[in-house]
Every structure is written in C-alpha cells, then in structure tokens.
Amino acid sequence: MQRFAQFFSRQPPLTHNILSIGFRGAGKTVFLAGSYTSLHFNRKKARLHQEWLDCQDAESHEKMNQLLNFITQSRQYPPPTLKATDFNFSVKTRTLCGVKTRCHLHWWDIPGEFCQPNNTDFQLLLFSSHACCLLIDAPAFVNDRPYQQKVKSVLHQLAQFLPQSQANRPNYPLAVILTKFDLLQTELSRGQLKQQLQPFVQDLRSHQINSHGFTSAIPLISFGASVTLHPQGTGAPFRWLISELKKTEQS
C-alpha cells in the first residue's frame, strides 16, 4: 500500500485546458492580464497553501510580458484579439516542504468572432476543454438588447454541448464573469443587470451546468510616468476553476 501511494505521489501535475470565450470588447485579454497580475506578483508573500500563477514556458512568459508592457507604455488597454492565442501556466502553492506545482493550465484566448453557433472550430475547442470562462460585458448587457441576444445564443450552445462533454468529465466548470463592473456606477444599473441576468441563470440551472458567477473590474491607475492595472475580482474565478478541476482529478 505504501509503494502504491508513493507511485501516485510521484505522478506529474495534470494539464487542464481552459477556454476563454466572449464577444469582441468583453475584455478577455484584459481579464487574463489582470488575473495574472493579481495572482503572480503576490507569490513572494504567499501564505501557506495560497496559490499563484507562473508562466510555464519561455514563450508564454514573453507573450505575457509583451501584453503587460504594452499596457504600461501605451497607457491604454490592448486592442481586441485578432487570432487565437494560448498561454501555458503553472499553478503553484507553498507547502511545509517548499513550493509545489498543483497543476498546469493551458489557456486559450480566442477572438470574439469565434463564438458563433455554427463555428466548428469553436465547437472543437469546447469539446477539447476541461473548463470554460464566459466573459460578458456588463454595461453592454444592460444597455444593448442585441448584445443580450448574442450572449443568449452562446449560452444556448454551451447548454447544448457541455452535457455531452460531461459524459467523460463530470461537473465541467463554467465561470461566468461580468467584466467592466465598475462602469455600472449606480445601484439602478446594477439592479437592472441582476434582473436581466435571471433568465440566463435559470437556463444554466435547468441544464444542471456547474456554473458560478463573478464580477470583475480592471481600471488603469496612473503610476508615475506610466500606468498599471488595478485588478478587482479577477483572482476569484481562477481559484474557483482550479478548485473545481482538482475535485475532478480526485474523483
């Protein structure tokens, strides 16, 4: 029994594919940069068992540095994603025995134009993923009814395909992230958002999809001659996804 336990304790960390979807302007790339900023740069002061992100390879590290340097030097958000981009991350934690890699994340950041019901490439990526982040532009959702219909079509497709993928991967996690939440500055607009989201929430529940809702805000803050991201609420979706994926591993 001891040899059996030792054998599994030496198994390399698993790699999970996470698909980031959302229409153009929802802030997928900015959310990724904000999440990395909030989860990576706290690694030096991370408490016991607290997790952080590291780039797994030199290519991912270079792409992330280019993204963050663009924001710092241009003093603005990056332009919309024009082609599918992937990043490889390692999820690390501090234990009594030192730093441990819990798992690896293969993050797919795809253009908003991919998110179409009849796009076979989108369907293949969805089937190949182990978790998904759906990013919704909160101000657009409140003020633009056609945008609501586009989100509804994506949720319909997720509800259609996710149960099939769950046959081999139970409890496929879907993080629904409302971006630019800080731009909804009145209680009235936030109340409208909550009310308008109810049918979508009920639809996810009716299909028994393992989903969780989050809000995020990533304003640009002046810092001397440059600017820096000030992420709010970006770490929570990552932590929830990692927790859900670890449950799947254990089962």
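1. Basis. Residues are numbered from 1 along each chain as its sequence is written, and side-chain values use heavy atoms, with hydrogens and water left out. Because the model is predicted, local features need pLDDT of at least 70 and side-chain atom pairs count only at pLDDT 80 or more, while totals for chains, interfaces and linings use all residues.

2. Extent of α3. Helices (H or I, at least four residues) and strands (E, at least two) are DSSP runs, numbered from the N terminus. Helix α3 takes in residues 58-74, which is 17 residues. From first C-alpha to last it reaches 24 Å, close to the 24 Å expected at 1.5 Å a residue; the expected span is 1.5 Å times one less than the number of residues.

3. Ser60, Met64, Leu67, Leu68 and Ile71 are buried. Here buried means under 20% relative accessible area, exposed over 50%, and partly exposed in between (1.4 Å probe, protein chains only). Down the axis of α3 the buried residues fall within an arc of 85 degrees, so they line one face of the helix; the arc is that of the directions from the helix axis to the C-beta atoms. The face turned away from the buried side carries the exposed residues Ala58, Glu59 and Gln73.

4. Surroundings of α3. Its buried residues pack against α2 (28-40), β2 (51-55), β3 (85-95), β8 (220-223) and β9 (226-229), where contact means heavy atoms within 4.5 Å.

5. Ends of α3. At the start, a side-chain oxygen of Asp57 comes to within 3.3 Å of the backbone nitrogen of Glu59. After the helix comes Arg75, with a positive phi near 65 degrees.

6. Helix α4. In this helix (residues 120-128), Phe122, Gln123, Leu125 and Leu126 are buried. These buried residues fall within an arc of 160 degrees seen down the axis of α4, so they line one face. Thr120 and Leu124 are exposed on the face turned away from the buried side.

7. Cysteines. The structure holds zero disulfides, a disulfide being a pair of cysteine sulfur atoms within 2.5 Å. Cys132 is in no disulfide, and the nearest cysteine sulfur, that of Cys133, is 6.7 Å away. Cys132 is buried at 0% relative accessibility. Cys103 is also buried, with a relative accessible area of 1%.

8. Asn17. This residue belongs to strand β1 (residues 15-21) and is buried, at 14% relative accessible area. Leaving aside residues up to four places away in sequence, Asn17 touches His106, Trp108, Ser128, Ser129, His130 and Ala131. The Asn17 side chain reaches the backbone oxygen of Ser128 at 3.0 Å.

Technical notes. A polar contact is a pair of N or O atoms within 3.5 Å; within protein, one must be able to donate a hydrogen and the other to accept it, and residues adjacent in sequence count only if both atoms are side-chain atoms.
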